[in-house]
Amino acid sequence: MEEDPSSSTTSPLCRIRQARHKQILRHCLLNALFILLGAILIALSATLIDRSLSAWSRRRESISSQRFHAAFLDLACNTTVDRHLRELTRHPHVAGLPRDFATAEYVFSALQSYGLAPHFADYSVLLSYPVERNLSLLHPDGSLKLELSLREEDPGGGDGGGGGPAAVISSYHAYSPSGDVQGEVVYVNYGRSEDYQELELLGVDVRGAIVLARYGQIFRGDIVENAASRGAVAAIIFSDPGDYAANQTQGYFPDSSWLTPTGVQRGTVFQGNGDPLTPGWPSSTANAERIPESRAGLPTIPSLPISARDARPILESLGGKVAPRGWRGGFAMEYRTGRGPAKLRFHYVANQTLASIRNVLGAIKGYEEPDRFILLGNHRDAWTFGAVDPNSGTAALLEIASRLGRLVRAGWKPRRTIVLASWDAEEFGSVGSTEWVEENLDLLGARAVAYLNVDCAVSGPGFFAGATPQLDDLLVDVTKEVGDPDTGRGSVYDSWASRSPIGGGGKSSPTVDRLGGTDSDFVAFLQRAGVPAVDMYFGKSYPVYHSLYDNYDWMKRYGDPLFHRHVAVSSIWGLMALRLADCLVLPFNYGSYATQAQVYGNAVEDALRAAKAPHNVTASPLRTSLASFVEGAKQAGHDSKKLEREISLLLPRRTLNDRLMLAERAFLEEGGIPGRTWHKHLIYGPSKNNGYQSEAFPAVLDAIVEASGSTNPDKWDAVQHQIWRVSRVLERATLVLRGELT
Ligand SMILES: *[C@@H]1O[C@H](CO)[C@@H](O)[C@H](O)[C@H]1NC(C)=O
Ligand SMILES: *[C@@H]1O[C@H](CO)[C@@H](O)[C@H](O)[C@H]1NC(C)=O
Ligand SMILES: *[C@@H]1O[C@H](CO)[C@@H](O)[C@H](O)[C@H]1NC(C)=O
Ligand SMILES: *[C@@H]1O[C@H](CO)[C@@H](O)[C@H](O)[C@H]1NC(C)=O
Ligand SMILES: *[C@@H]1O[C@H](CO)[C@@H](O)[C@H](O)[C@H]1NC(C)=O
């Protein structure tokens, strides 16, 4: 029987919060009194005491917003999170299918009940579903040895949600083309460029072969692309127990958190972002230009993800060279590369089809600057039940909405507008968020202060975060306010810092990652709109990713049994939004951007030396513009401090805040990263070899890799050109930070 969530007894955690809630109300009555008194005083002696009064009211305002921020933390409630997660994960909800529309309705009504006036934003986009999949292992003579099952089995033992294997979509790779191919098998380890270099040394050729790669180190779209570009006819990717069930004495889910041997990781193999048929513009439902599929950059060879259990007989039937040491996975057997003698026959029929997707957005309007947006976003669509990916984040988003709703009822309003977004079709390549950003590009460019993303909010212990560097300080500060959900003492900051390497001053400071990778919904905000962004989560990785077993039961047993980590994410994510929404001067520190950029500049100089660049190819333009960027950041920091101390009126504050908000936009350059021109940000972009990985100055590094060791002057001229381009965007950002025309 199911517990009725509304009748569940209030947890101790929530009881304390309610007591504080009464305090908030009392506090608000006092505030109202203050405001009244203030108004009378103003009327009495407008000019005389104007200055001191506005200083006083500013102080009062800031104390009042601090109180509300503290109340936001006090309103934390793990039962709200639990209830939402349970509801959202009752059924699998793949983008474009009816169950996912039902989750959109669910989020809509939750936001409505919290007073966030939600609306839908729909698009028609190219999605991709499996129709038929067959994988047969053949004897060298081509006769059938074994039909592989391609089925995930229900492990039993738990309430996995609305049904077992029959309820979820068959394991497949979205955007794999249809195909019917046969070939000898080559084992290619993780399918990285360096793995193919090793194969070449071993004399193993993959042309005309079907490659068998293991998941784990790079984005699956890159595994497929690497195989295709070397002439393979198909790519089969499996989850090796060495990577996904690393401690076999512990067993598998439900006995442990490890991936069951029949578990399969679904996912997209499209290397782009957004709807493949409308690159760079919105795929509006009514009317949109669409390019032909043949020009959409979709994968060219068919591919399929399989389980460890299906991979084992294939590996066992391989001959050829013994695989290098590092290529051995978790099976107790000798790994060989092939080629063959075993063969595979792979038959796949895809349904690439235009489908409707649905974002849900809600907002609380700012009272002073309604046209400045603080955006919080999380996707909602899932490959299966999505308890970790992404609905731990959706539950956290709704928990924030619930707390904000209560603050509003208690009299609070944000200074700037707060927008909450629930994106669709992220799993197909951040499609819902990208279409929305492309549609709203100009308003976002003029008005978006920051975008705060959470995808998988919780998969285990340990806080991790990435940010554009001007947000580092705010992020770190906020984690000091939130209790660590695992140790029960100290703050999230304390445990985050203690896991980070010791820095220069002998002290460890938290490691903040960078957001050049393309692995979640921040990508369009950063790459197309130049909006400062943050991404955060608890738990480094989790073995049941994109499998049948990413369900409520797994979360309850292993991910977050008491939902304290969810609550902590909500608190950090929401408090960041509150600070950005309410502070007078935006808490952006471009000093840390400058420090980072200098590190990348040094890396370029090292890379030039290592690649034996000719003497006339030089990083000196970069050095010059880095020096001005440092000065620009200093000036913006100085002006921020000054304005914070002084009595400040809206207009001068707004002028400074616009400098801080818009400087990130200057890093976008129309030409983008060569070969990946959808990406316009010249400071951060995805690594060419691994879409998950962030790279700094990607266009420069790509050009150096291309020219390395070469005597072709054209290649080195290209390096110099890319150095100039990065130098120019740094100069442009500097001018924005200074806020003066030349
Ligand atoms: C191929 O797979 C489909 C399901 O995807 C199944 O219905 C069909 O029987 C399979 N064909 C063979 C020859 O196994
Ligand atoms: C594997 O799991 C067992 C049982 O939980 C534990 O005792 C052992 O230390 C683990 N081994 C490793 C290498 O983590
Ligand atoms: C393709 O998918 C669409 C959307 O789910 C569905 O309406 C259609 O029937 C599917 N076509 C095939 C051949 O499976
Ligand atoms: C919420 O936290 C309290 C205190 O740790 C705990 O007793 C309770 O079981 C938790 N509720 C849920 C739904 O996990
Ligand atoms: C460097 O010198 C070579 C030879 O004179 C010339 O071809 C090339 O264009 C120069 N490159 C740069 C970046 O100035």
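1. The cavity search returns one cavity of 30 Å³ or more. This is a predicted model, and the count should be read with that in mind. The space inside the largest cavity comes to about 30 Å³. Rolling a probe the size of a water molecule over the atoms shows where empty space is left.

2. Which residues line the largest cavity? They are Glu-369, Arg-372, Arg-416, Val-449, Leu-586, Asn-657, Asp-658 and Met-661. By residue class, the lining has four charged, three nonpolar and one polar residue.

3. Two or more residues of that lining come from each of the elements β10 (369-379) and α19 (650-662). Helix α19 gives the largest share, three residues. At the level of domains, domain 2 (63-125 + 354-478 + 510-582) and domain 4 (590-738) each supply at least three lining residues.

4. Ligand 1 has Glu-132, Arg-133, Asn-134 and Glu-147 around it. Strand β1 (residues 119-138) accounts for the largest share of this shell, with three residues.

5. At Arg-133 the atom concerned is a backbone N or O, 3.0 Å from an oxygen atom of the ligand. At Asn-134 a polar side-chain atom lies 2.5 Å from an oxygen atom of ligand 1. How much of ligand 1 does the protein cover? Of the 360 Å² of accessible area that ligand 1 has on its own, the protein covers 38%.

6. Around ligand 2 the residues are Asn-247, Thr-249 and Gln-250. A polar side-chain atom of Asn-247 is placed 2.3 Å from an oxygen atom of the ligand. For Thr-249, an N or O atom of the side chain is 3.2 Å from an oxygen atom of ligand 2. The side chain of Gln-250 likewise has an N or O atom 3.2 Å from an oxygen atom of ligand 2. The protein covers 25% of the 360 Å² of accessible area that ligand 2 has on its own.

7. Some backbone details follow. Most residues other than glycine have a negative phi, and most peptide bonds are trans. The peptide bond from Phe-253 to Pro-254 is cis, and its omega is near 10°. Pro-254 belongs to the loop between α7 (241-244) and β7 (267-268).

8. A cis peptide bond also joins Asp-389 to Pro-390, with omega near 10°. Where does Pro-390 lie? Pro-390 is in the loop between β10 and α9 (391-409). Strand β10 has already come up as one of the elements that give two or more residues to the lining of the largest cavity.

9. Ala-425 is not a glycine, yet its phi is positive, at about 55°. This residue sits in the loop between β11 (416-423) and α10 (431-439).

Note on methods: Residues are numbered from 1 along each chain as its sequence is written. Chains are lettered from A and ligands numbered from 1 in the order in which they are written. This is a predicted model: local features need pLDDT of at least 70, side-chain atom pairs count only at pLDDT 80 or more; totals for chains, interfaces and linings use all residues. Side-chain values use heavy atoms; hydrogens and water are left out. A residue is near a molecule or strand if one of its heavy atoms lies within 4 Å of it. A polar contact is a pair of N or O atoms within 3.5 Å; within protein, one must be able to donate a hydrogen and the other to accept it, and residues adjacent in sequence count only if both atoms are side-chain atoms. Accessible areas come from the Shrake-Rupley method with a 1.4 Å probe; for residues, only the protein chains shown count as cover. On a 1 Å grid over the protein atoms alone, a cavity is a set of points where a 1.4 Å probe fits but cannot get out, and a pocket is an open set with protein on both sides within 12 Å along at least five of seven lines; lining residues have an atom within 4 Å of a point. Grid points are joined across faces, edges and corners, and a volume is the space filled by probe spheres set on the points. Helices (H or I, at least four residues) and strands (E, at least two) are DSSP runs, numbered from the N terminus. Ala, Val, Leu, Ile, Met, Phe, Trp, Tyr, Cys and Pro count as nonpolar, Asp, Glu, Lys and Arg as charged, and the others, Gly among them, as polar. Domain bounds come from an automatic or database domain assignment.
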